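Please look over the sequence and the structure shown below before reading on. The report then moves from the chain as a whole to single residues.

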Amino acid sequence: MEPLSETFIQFSCDAHQTNTNFLEGNANTLFTKHLLRQTAVENITIGDMLQRVSDEVYQESNQKQRPLSK
């Protein structure tokens with residue numbers, strides 16, 4: 001998929017990965033957990049916010065899930 005130059009796409013995991021790790025007792029995935037937490041941070045660009053989300057998901061999943069930005 002080739003997005004337009006002004007388009008930003010965020011996937012919850014990289015190619016050949018699945019996002020099946022729902023948190024115990026919660027309807028949200030690991031990606032959603034970190035995305036919701038980072039949306040509360042003020043004065044941050046969308047790119048920086050999603051980089052933080054990616055880093056946090058990667059760490060908490062023990063390097064099994066890495067979100068992908070395009």
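This is a predicted model: local features need pLDDT of at least 70, side-chain atom pairs count only at pLDDT 80 or more; totals for chains, interfaces and linings use all residues.

## The chain as a whole

Residues are numbered from 1 along each chain as its sequence is written, and side-chain values use heavy atoms, with hydrogens and water left out.

Of the 70 residues in the chain, 24% are buried, where buried means under 20% relative accessible area, exposed over 50%, and partly exposed in between (1.4 Å probe, protein chains only). The chain exposes about 5,100 Å², and carbon and sulfur atoms supply 50% of that area; accessible areas come from the Shrake-Rupley method with a 1.4 Å probe, and for residues only the protein chains shown count as cover. Among the contacts in the chain with a separation of 6 or more, 49% are accounted for by residues 24 or more positions apart, a contact being heavy atoms within 4.5 Å.

## Helix α2 and what covers it

Helix α2 covers residues 46–60, and because its 15 residues at 1.5 Å a residue should span 21 Å, the 21 Å between its end C-alpha atoms agrees with that value; the expected span is 1.5 Å times one less than the number of residues. Within α2, the residues Met49, Leu50, Val53, Ser54, Glu56 and Val57 are buried, and what covers the buried residues of this helix includes β1 (10–11) and α1 (30–39).

His34, which lies in helix α1, counts as buried because its relative accessibility is 5%. Leaving aside neighbours within four places in sequence, His34 is in contact with Val53, Glu56, Val57 and Glu60. The side chain of His34 also makes a polar contact with the side chain of Glu56, at 2.8 Å; a polar contact is a pair of N or O atoms within 3.5 Å, and within protein one must be able to donate a hydrogen and the other to accept it, with residues adjacent in sequence counting only if both atoms are side-chain atoms. Thr32, also placed in helix α1, counts as partly exposed at 24% relative accessibility, and its C-alpha atom is 9.4 Å from that of Val57, although Thr32 and Val57 are 25 residues apart in sequence.

Most residues other than glycine have a negative phi.

Asn62 follows α2 and lies in the loop between α2 and β2 (68–69). Its phi is near 55°, again a positive value in a residue other than glycine, and Asn62 is exposed, with a relative accessible area of 54%.

Which residues does Leu68 touch, not counting residues up to four places away in sequence? They are Ile9, Gln10, Phe11, Cys13 and Asp14. Leu68 is found in strand β2 and counts as partly exposed at 23% relative accessibility; the C-alpha atoms of Leu68 and Phe11 are separated by 5.0 Å, while the two residues are 57 residues apart along the chain.

Cys13 has its place in the loop between β1 and α1 and is buried, with a relative accessible area of 14%. Cys13 and Tyr58 are 45 residues apart in sequence and 9.4 Å apart in space, C-alpha to C-alpha. Over the face of Tyr58 lies Arg66, at 3.6 Å from the ring centre; a charge sits over a ring if NZ of Lys or CZ of Arg is within 6 Å of the ring centre and within 35 degrees of the ring normal. The structure holds zero aromatic pairs, where rings of Phe, Tyr and Trp (its six-membered ring) pair if their centres lie within 6.5 Å, with planes under 30 degrees apart counted as stacked, over 60 as edge-to-face and the rest as tilted.

How values were computed. Helices (H or I, at least four residues) and strands (E, at least two) are DSSP runs, numbered from the N terminus.
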